[in-house]
Amino acid sequence: MLSIDPRKISKVPATTLYALSELELTNIYLGTYFNLGIAYGRLNKPREAIKYFQKFIEIATPEHTDKVIQVQKVILELEKILKFQGE
């Protein structure tokens, strides 16, 4: 299985990207959305964090069920923060 570090994706030749399977691309996007959610959460931007966590959930496959459950819990906490901030 070909594995590409998402941080280096811009340096990968287009022909290699075409060879990636849909599952491999999904995993790259999952990691990206998850990490963006974490980053925005740490920057105290809950609305943006929720947006990326929701994208993570939308494309997650059944093998990611445990992580989806964790992300759903995080979203609930972020929504509480928004409510507390009056948003």
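This dialogue reads selected features of a predicted model.

User: Which residues make up the largest nonpolar core?

Analyst: A core of this kind joins buried nonpolar residues through their side-chain atoms. Here the largest one has ten residues: Leu 30, Ala 49, Ile 50, Phe 53, Phe 56, Val 68, Val 71, Ile 75, Leu 78 and Leu 82. At least two residues of this core come from each of α3 (46-59) and α4 (65-85).

User: Which helix gives the largest share of this core?

Analyst: That helix is α4, with five residues.

User: What does Val 68 touch, not counting residues up to four places away in sequence?

Analyst: With those residues set aside, Val 68 touches Phe 56, Ile 57 and Ala 60. Both Val 68 and Phe 56 are among the core residues.

User: Where does His 64 lie, and is His 64 buried or exposed?

Analyst: Burial is judged by relative accessible area, with under 20% taken as buried. His 64 lies in the loop between α3 and α4, and it counts as buried because its relative accessibility is 16%. Apart from neighbours within four places in sequence, His 64 is in contact with Asn 27 and Leu 30; Leu 30 is also one of the core residues.

User: What is the phi of Asn 44?

Analyst: In general, most residues other than glycine have a negative phi. Asn 44 is not a glycine, yet its phi is positive, at about 60 degrees.

User: Where does Asn 44 lie, and is Asn 44 buried or exposed?

Analyst: The loop between α2 (22-42) and α3 contains Asn 44. Asn 44 counts as exposed because its relative accessibility is 52%, the cut-off being over 50%.

Technical notes. Residues numbered from 1 in each chain as written. Predicted model: local features only at pLDDT ≥ 70, side-chain atom pairs only at ≥ 80, totals over all residues. Heavy atoms only, no water. Core = buried A, V, L, I, M, F, W, Y, C linked by side-chain atoms within 4.5 Å. Buried < 20%, exposed > 50% of the residue type's maximum accessible area, 1.4 Å probe, protein only. Helix = DSSP H or I, 4+ residues; strand = E, 2+ residues; numbered from the N terminus. Contact = heavy atoms within 4.5 Å.
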